Amino acid sequence: MDILISLTPVLTVIVFLIIMRLPAVKAMSISLVATALVAYIYWKVPIVQLTASVFEGVIIGISILYIVFGAILLLNTLKLSGAIDTIRTSFMRISPDRRVQLIIIAWLFGAFIEGAAGFGTPAAIGAPLLVALGFPPLAAVVLALIADSSPVSFGAVGTPIIVGVDQGLQQGTGILR
């Protein structure tokens with residue numbers, strides 16, 4: 001029974017988004033309320049922790065929206081300035097082969113952007129560039145995310161490696177004493 005109750009957030013999203021086809025704003029709001037009620041009633045989570053969790057989720061959501069906003073702004077700037085056509089022409093001169101274009105944009109450029117910014121920015125910028133080059137939208141997103149899977153450990157100026165190595169070294173020194 002605990003497993004079914006713990007799946008409440010996922011199941012409510014599936015029910016309201018996919019089965020009932022509610023808009024995401026309504027579906028997510030209802031799911032939040034349902035999850036909070038289950039946490040309060042079944043798991044006995046204090047109101048203070050529930051409120052803090054909601055605020056933390058809002059802050060994380062805003063930071064993600066900030067990154068996506070920047071990526072969309074960059075893409076629209078490229079479109080309106082005509083730079084997308086220049087990029088498309090330049091890549092066609094390099095190679096008309098889509099595999100080569102994918103490696104250059106999604107993997108090489110994506111790795112650079114991941115190291116500089118992190119937090120999903122390569123997919124948010126690389127996928128629209130791939131679409132502009134003629135890739136189908138779903139394929140562009142999937143390929144950009146796959147290409148970002150190896151450089152993601154070096155994201156945000158190496159934060160995952162710095163934090164991970166630092167914690168590992170601190171724990172390692174405690175063992176040697």
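**Helix H4, its contact with H7, and the spaces beside it**

H4 passes H7 in a right-handed crossing. This is a predicted model. H4 spans residues 47-81, and H7 covers residues 121-132.

**The H4 and H7 contact**
- The axes of H4 and H7 come within 9 Å and cross at roughly 25°. Angles under 35 degrees count as roughly parallel, so H4 is roughly parallel to H7.
- On the H4 side, the contact involves Ile-67, Ala-71, Leu-74, Leu-75 and Leu-78. On the H7 side, the residues are Thr-121, Ala-124, Ile-125, Pro-128 and Leu-129.
- Of the residues in this contact, 9 are nonpolar, 1 is polar and none is charged.

**The cavity**
- The model has 1 cavity of 30 Å³ or more, and the volume of the largest cavity is about 40 Å³.
- Its lining consists of Ala-71, Leu-74, Leu-75, Leu-78, Ala-124, Ile-125, Pro-128 and Leu-129. H4 and H7 are the elements that each give two or more residues to this lining.
- The lining of the largest cavity has 8 nonpolar residues, with no polar and no charged ones.

**The largest pocket**
- The largest pocket has a volume of about 150 Å³.
- Helix H3 (24-41) and helix H4 each supply at least two residues of the pocket lining.
- Among the lining residues of this pocket are Pro-9, Ser-31, Leu-32, Thr-35, Leu-50, Ser-53 and Val-58.
- By class, the pocket lining has 7 nonpolar and 4 polar residues, and no charged ones.

Technical notes: Residues are numbered from 1 along each chain as its sequence is written. This is a predicted model: local features need pLDDT of at least 70, side-chain atom pairs count only at pLDDT 80 or more; totals for chains, interfaces and linings use all residues. Side-chain values use heavy atoms; hydrogens and water are left out. On a 1 Å grid over the protein atoms alone, a cavity is a set of points where a 1.4 Å probe fits but cannot get out, and a pocket is an open set with protein on both sides within 12 Å along at least five of seven lines; lining residues have an atom within 4 Å of a point. Grid points are joined across faces, edges and corners, and a volume is the space filled by probe spheres set on the points. Helices (H or I, at least four residues) and strands (E, at least two) are DSSP runs, numbered from the N terminus. Ala, Val, Leu, Ile, Met, Phe, Trp, Tyr, Cys and Pro count as nonpolar, Asp, Glu, Lys and Arg as charged, and the others, Gly among them, as polar. Axes are lines fitted to C-alpha atoms, for helices over the stretch in contact, and angles run from 0 to 180 degrees between N-to-C directions. Angles under 35 degrees count as roughly parallel, over 145 as roughly antiparallel, 65 to 115 as roughly perpendicular and the rest as oblique. A crossing is left-handed if the near helix is turned anticlockwise from the far one by less than a right angle, and right-handed if clockwise. Contact means heavy atoms within 4.5 Å.
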